[in-house]
Amino acid sequence: MGRLDGRIAIITGAGSGQGAAEARLFAREGARVVVTDLDETAAGKVAGEIGDSALALHHDVSDEASWAAVVAETLRRFGRIDILVNSAGIYAQGRFQDTDAAMLDRFYRINVLGTFLGMRSVGDAMIRQGGGAIVNVSSGAALITFKNTFAYSASKWMVRGMGKLAAVDLAGDGIRVNTIFPGAIDTPMLAVNPPEYLETLRSMIPAGRLGTAEDVAEVALFLASDAASYLYGAEISVCGGAAA
Ligand code: NAD
């Protein structure tokens, strides 16, 4: 018996990193997974590796029409949506004085609006079904403050707030909204940092190593599964102790 037998899961940003690890793990646990990403070639590759239980879709999480298309196709193919993992996101460093309105807007549109549109877009189907599980992905940068990450960190603070607010509004509909706070996780996103900054990050981790996409996927699986049936608005830091 898998922990997600018969469940239908949409995972955004699943062409890479944590989202891809979640798609693989959820499928191994019995779910059918909708692997979505702006990079449709990457999404297709992950879905191809998983096999028949995966469907790859092109998706821009910042675009409401794109969400409508993903939800419609998921319902057409599978008839329901039990799980949404909002893993898609972007990252860049940037000092406050170098952050302009266009940069802040870009982070807002993908990290914040993308997460909001995800919750909003699956909400009606989950309410009709009598419930569901939504896992949002914030960041350790919304638990402790990092210099020179203004637009990214501000967007992740908003993801943190939205997770709690949506959780209390949707709890009565049987929808559980919970949030993961990854620390420094060894994915292509982290690799854009200069080596000396990566060393600084590494030195802040009591566990002595970077996290893996699989470390995060296990926590997403727990939150998406019935094992987390009484978790609403919870915040779990997956950071090797860095934010402890
Ligand atoms: P990643 O770069 O490997 O994966 C992110 C994926 O999101 C990519 O496949 C990318 O194509 C996709 N994406 C970007 N913009 C998109 C859009 N508009 N629509 C749809 N897809 C889009 O990074 P990751 O480490 O797997 O990141 C997953 C989540 O974890 C992100 O929200 C990130 O902010 C968060 N996070 C990562 C770390 C880390 O150290 N890697 C730390 C804290 C938080």
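**Close-up views of a predicted model**

View 1. A backbone N or O atom of Gln18 is 2.8 Å from a ligand oxygen atom, and a polar side-chain atom of Asp37 is 2.6 Å from a ligand oxygen atom. For Gly183, a polar backbone atom lies 3.3 Å from an oxygen atom of the ligand. These are polar contacts (pairs of N or O atoms within 3.5 Å). Of the 830 Å² of accessible area that the ligand has on its own, the protein covers 91% (Shrake-Rupley method, 1.4 Å probe).

View 2. Strands are DSSP runs (E) of at least two residues, numbered from the N terminus. In strand S5 (residues 132-137), six of six residues are buried, that is, under 20% relative accessible area with a 1.4 Å probe, counting protein chains only. Gly132, Ile134 and Asn136 point one way from S5, while Ala133, Val135 and Val137 point the other way. Strand S4 (residues 83-86) runs parallel to S5 and is joined to S5 by four bridges; two strands pair if DSSP finds at least two bridges between them. Ile83 has Ala133 as its bridge partner in S5.

**View 3. Leu104 in helix H4.** Leu104 belongs to helix H4 (residues 101-129); helices are DSSP runs (H or I) of at least four residues. Leu104 counts as partly exposed because its relative accessibility is 36%, and partly exposed means between the buried limit of 20% and the exposed limit of 50%.

**Notes.** Residues are numbered from 1 along each chain as its sequence is written, and side-chain values use heavy atoms, leaving out hydrogens and water. Local features need pLDDT of at least 70 and side-chain atom pairs count only at pLDDT 80 or more, whereas totals for chains, interfaces and linings use all residues.

Note on methods: Polar contact = N/O pair within 3.5 Å; in protein donor to acceptor, adjacent residues only side chain to side chain.
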